[in-house]
Amino acid sequence: HALLYGGYPMTGAARMAARAAARMGAGLTSIAVPQIAFPLYAAALTSIMVQPLTQDGDLIRLLLDLRYTAFLIGPGAGVNDGTRHRALELLATARPVLLDADAITAFASNAAELAQAIRGPCVMTPHEGEFARIFPLQGDKLARARGAARQSGAIVVLKGADTVIAAPDGRAIVNTNAPASLATAGSGDVLGGMILGLLAQGMDAFWAAAAGVWM
């Protein structure tokens with residue numbers, strides 16, 4: 001059962017990610033959204049269950065349900081303390097978590113806090129701009145991705161025309177099969193959802209990231 005956080009007012013990114021998770025084979029997919037955004041998500045999603053967050057603590061109450069097997073936060077979430085706190089709440093479960101987009105940038109001045117919070121399988125999917133905000137590393141792309149994975153304890157997917165998938169233990173895969181058509185807004189959100197769908201089914205985080213990128 002995959003669970004995503006859906007932001008507001010930018011709702012399209014999370015909706016695409018949710019559909020991708022379902023298409024990748026997650027048996028159930030739910031999306032938790034602010035109460036104000038509930039009509040938008042509910043009208044646009046059919047097989048995706050929409051959970052409204054009406055008051056403080058609602059997300060934590062959802063996370064107490066052990067039937068949720070993997071989480072995603074970031075697409076359209078907003079770069080703010082709220083997104084950072086929600087990401088920390090997801091990471092505290094020690095279940096697989098994918099951090100993308102705004103959930104990465106929200107830690108731009110708190111990289112050490114993020115590394116300390118990672119307790120279970122974690123995948124981060126930054127593009128070069130997001131990567132530089134949190135990992136001021138030098139060197140070629142492979143070296144930087146490996147360094148970030150080692151520092152954070154997460155699987156790092158450094159996206160681009162060639163994408164590097166790096167693990168904290170030094171394993172790395174360079175994916176070079178990307179067509180130019182993927183340089184389109186929204187493709188990264190779909191990628192996050194695809195990896196989430198594999199994580200929710202119990203796939204190892206490194207191989208889930210690599211398979212999602214290749215597909």
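## Strand pairing and the sheet

Two strands are taken to pair if DSSP finds at least two bridges between them, and strands (E, at least two residues) and helices (H or I, at least four) are DSSP runs numbered from the N terminus. This is a predicted model, in which local features need pLDDT of at least 70 and side-chain atom pairs count only at pLDDT 80 or more, while totals for chains, interfaces and linings use all residues. Residues are numbered from 1 along each chain as its sequence is written, and side-chain values use heavy atoms, with hydrogens and water left out.

Strand β1 (residues 2-5) pairs with strand β2 (residues 29-34) in the parallel sense over four bridges, and L3 stands opposite S30 in β2. Nine strands form an open sheet with mixed pairing, in the order β3-β2-β1-β4-β5-β6-β7-β8-β9; its edge strands, β3 (49-53) and β9 (172-175), each pair on one side only.

## Helix contact

A13, M16, A17, A20 and A21 in α1 meet D189, V190, G193, M194, L196 and G197 in α9, where contact means heavy atoms within 4.5 Å. The residues of this contact divide into eight nonpolar, two polar and one charged, with Ala, Val, Leu, Ile, Met, Phe, Trp, Tyr, Cys and Pro counted as nonpolar, Asp, Glu, Lys and Arg as charged, and the others, Gly among them, as polar.

## Lining of the largest pocket

The lining of the largest pocket divides into 12 nonpolar, seven polar and one charged residue. Helices α9 and α10 (205-214) each supply at least two of the lining residues, and the largest share, five residues, comes from α9.
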